[in-house]
Amino acid sequence: MLGIPTHLAPRVNAWSTVRAFHAAAVGSVLVAAVSLLLFRFDDPRVAVVPAVLALLPMLAMIGVHVQFSTWRSAVAFLLVGGICAWWCAVVVLREVPVPWVASYLLSLVVVPLVLVGGAGAVPGRVVLWSIAGLVVGRVATSIATAQTGGAGHPLVLAWVTLAFVVAIVLVASRTTARSQRVQPELLRSAREEHVSAYRAGVELEASAILHDTVLNHLGAISLAPDGPMDAQLARTVEADVAMLTGTEWLAPAPQPDPGAAVDAFEHMLADERAEGLEVLVTGDPAAMGRLESDAVTALVRAVGQCLANVRKHAGTDTAEVSVFDDGVACTVMVVDDGRGFDEQQTGADRMGLRNSVRERIGRVGGDVQVWSSPGTGTSVMMTVPHGARAAAVAVPDGASS
């Protein structure tokens, strides 16, 4: 019951319990039919086939009641089942001479009536319907006993089944009550965990964006010659400041069309080329358009950070970007023939590859692999599966409390 909304827990509990009762009712009918047939095979002179045929309408009505599960279908099942129980009891009492076998068979016929369960909406009503089923079965077998002139049978198995139903309903009700007491605490804990995940997403994305913009701009400014700021750099700084002071980056991006994804990718490449990096693009950039909007944003920003790392650290002014799609995921590789590096020796304060690439791609369900060593260049492969979505970074209502 844990995890089910509190107001639905009692109904779901009763519904599932009644469904289990219905399955047991079908099993009881089948066991009765098989027992009658085995008795017939053991003694061919015994005419118990009519009793087996009497069970078929009862089995059909169980199916009808399972399908509709209303009080009308429950009443119809009791009426048809009572007639079938009477018909079967008449045949059994006439053809089966062994008292304990006859009593067992009569109990098997009455048990499905005890397991009727009604509509199953309220646990207490399940017990009432079971009692009504036992009464109907008891009346039907009593009429059959009077007609055949045989001795009465206590239907022990039917009474045991009723006791079992009552016990199950009581235990289930107690379990539901306990879960209703625990549920608010679980929901509160789940909400706090959800809010914490949102906050972590906001902080990580904010850290990555600050690194990709402010720190990169400061590095570019420090390397620029004396005099007025380069016009392209000034426009980039102005656009990034507007983005940082706004709130658009907090909201999940709408699903773009494939052309918009390619445009964002090309715009990022144009910015890097404007900074003096020669970028060769191979493969199919249009493949990025098949990704979710959050995945496209993360991938474009991660590729941009890889190219910025090439400009600042690789000691080369050329890089190659390859885009390909295998039908399951979109993969982008950024390759340079620069000085390379040992990722294990990267300082903890260097967040470019770790935060702006690895964690950013990880948040959309992707994977990053890096191959590099001093003097051999660097290859970064970023793979994002289709259908992957980033955890929403918009803080839900009440998250600031």
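Among contacts in the protein chain between residues at least 6 apart in sequence, what percentage join residues at least 24 apart? The share is 74%, where a contact means heavy atoms within 4.5 Å. The structure is a predicted model, in which local features need pLDDT of at least 70, side-chain atom pairs count only at pLDDT 80 or more, and totals for chains, interfaces and linings use all residues. Residues are numbered from 1 along each chain as its sequence is written, and side-chain values use heavy atoms, with hydrogens and water left out.

The protein chain has ten helices and five strands. These are DSSP runs, numbered from the N terminus (helices: H or I, at least four residues; strands: E, at least two). Of its 401 residues, 41% count as buried, that is, under 20% relative accessible area (1.4 Å probe, protein chains only). The chain exposes about 20400 Å², by the Shrake-Rupley method with a 1.4 Å probe. Carbon and sulfur atoms supply 64% of that area.

Helix 4 spans residues 99–114. From first C-alpha to last, its 16 residues reach 22 Å, close to the expected 22 Å. The expected span is 1.5 Å times one less than the number of residues. Helix 4 is mostly covered, with 13 of its 16 residues buried.

Two loop residues other than glycine have positive phi. Serine 69 has phi near 50 degrees. It lies between helix 2 (49–68) and helix 3 (71–95). Serine 69 counts as buried because its relative accessibility is 15%. Leucine 155 has a phi of about 55 degrees. Its loop runs between helix 5 (123–148) and helix 6 (156–223). Leucine 155 is also buried, at 1% relative accessible area.

Note on methods
Buried means under 20% relative accessible area, exposed over 50%, partly exposed in between (1.4 Å probe, protein chains only).
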